[in-house]
Amino acid sequence: MERPFGNYDKYEKEAKEKAGKVEELKDIINKAFGKVMDLDKSSAQLNLLVKKVTLFLKMLQSYVTGEYRNIPLRTIVAMAAALLYFINPFDLIPDMIPGIGFVDDLAVLLWVTGNIDKDINDYEAYLNGDPGLQDQDGSENL
């Protein structure tokens with residue numbers, strides 16, 4: 001898949017630096033949670049954005065707390081990069097532009113989702129009661 005537009009690479013680099021640090025991941029989680037809670041969820045586009053951000057937050061929170069550790073480092077980095085992009089109000093399309101400010105954020109979140117869909121499916125299976133998915137491959141985990 002083609003990489004997303006804008007300066008996503010900058011966020012991916014920052015995410016790689018923060019991925020191995022629990023406190024840094026918690027900071028990303030807290031900032032993204034605060035921002036997503038403040039969003040006006042009146043449009044289908046924003047509802048989809050909230051759904052994707054919330055999924056990434058749940059996965060990262062489960063990882064950070066040790067509840068679910070079967071998340072490869074590349075997925076931690078991808079989710080953290082997407083959330084860092086979401087947190088920044090001055091990305092490719094500034095968030096304060098009514099109607100289109102979150103279009104780029106949603107595009108990045110959808111692109112990342114498409115790249116980590118197996119890990120998302122595994123996490124959702126775990127949430128639905130498949131304990132066999134816990135710590136199958138700790139070799140790539142933090």
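Tutor: Buried means under 20% relative accessible area, exposed over 50%, and partly exposed in between. Keep that in mind as we walk through this predicted model.

Student: Happy to! Is Asp-119 buried or exposed?

Tutor: The relative accessible area of Asp-119 is 5%. The cut-off for this class is under 20%, so Asp-119 counts as buried.

Student: Which residue meets the side chain of Asp-119 in a salt bridge?

Tutor: Asp-119 lies in helix 6 (residues 117–127), while its partner lies in helix 4, so the pair ties together parts that are 45 residues apart in sequence. Between the two side chains the N to O distance is 3.2 Å, and the partner is Arg-74.

Student: Thr-75 sits in helix 4 too. Which residues is Thr-75 in contact with, leaving aside its neighbours within four places in sequence?

Tutor: Helix 4 covers residues 73–87, and Thr-75 lies in it. Thr-75 has a relative accessible area of 0%, so it is buried. With those sequence neighbours set aside, the contacts of Thr-75 are Ile-116 and Asp-119.

Student: Are helix 4 and helix 5 roughly parallel or antiparallel to each other?

Tutor: Two packed helices are described by the angle between their axes and the distance between the axes. Here the axes of helix 4 and helix 5 are 9 Å apart, at an angle of about 175°. Angles over 145 degrees count as roughly antiparallel, so helix 4 and helix 5 are roughly antiparallel.

Student: Which residues of helix 5 make that contact?

Tutor: On the helix 4 side, the contact is made by Arg-74, Ala-78, Met-79, Ala-82, Tyr-85 and Phe-86. Arg-74 is also the residue whose side chain meets Asp-119 in a salt bridge. On the helix 5 side, the residues are Asp-104, Asp-105, Val-108, Leu-109, Val-112 and Asn-115.

Student: Which residues form a nonpolar patch on the surface?

Tutor: Two of the members, Ile-97 and Ile-100, are found in the loop between helix 4 and helix 5. Ile-97 is partly exposed at 34% relative accessibility, and Ile-100 is partly exposed at 43%. With about 210 Å² of accessible area together, the patch is formed by Ile-97, Ile-100 and Val-103.

Student: How far apart are the C-alpha atoms of Ile-100 and Gln-45?

Tutor: Along the chain, Ile-100 and Gln-45 are 55 residues apart.

Student: Finally, what percentage of the residues count as buried?

Tutor: The protein exposes about 7200 Å², with carbon and sulfur atoms supplying 56% of it. Of its 142 residues, the share that count as buried is 45%.

Notes
Residues are numbered from 1 along each chain as its sequence is written. This is a predicted model: local features need pLDDT of at least 70, side-chain atom pairs count only at pLDDT 80 or more; totals for chains, interfaces and linings use all residues. Side-chain values use heavy atoms; hydrogens and water are left out. Helices (H or I, at least four residues) and strands (E, at least two) are DSSP runs, numbered from the N terminus. Buried means under 20% relative accessible area, exposed over 50%, partly exposed in between (1.4 Å probe, protein chains only). Contact means heavy atoms within 4.5 Å. Patches are made of residues with over 30% relative accessible area and no salt bridge: like charges are joined within 9 Å, nonpolar side chains (Val, Leu, Ile, Met, Phe, Trp, Tyr) within 5 Å. Accessible areas come from the Shrake-Rupley method with a 1.4 Å probe; for residues, only the protein chains shown count as cover. A salt bridge is a side-chain nitrogen of Lys or Arg within 4 Å of a carboxyl oxygen of Asp or Glu. Axes are lines fitted to C-alpha atoms, for helices over the stretch in contact, and angles run from 0 to 180 degrees between N-to-C directions. Angles under 35 degrees count as roughly parallel, over 145 as roughly antiparallel, 65 to 115 as roughly perpendicular and the rest as oblique.
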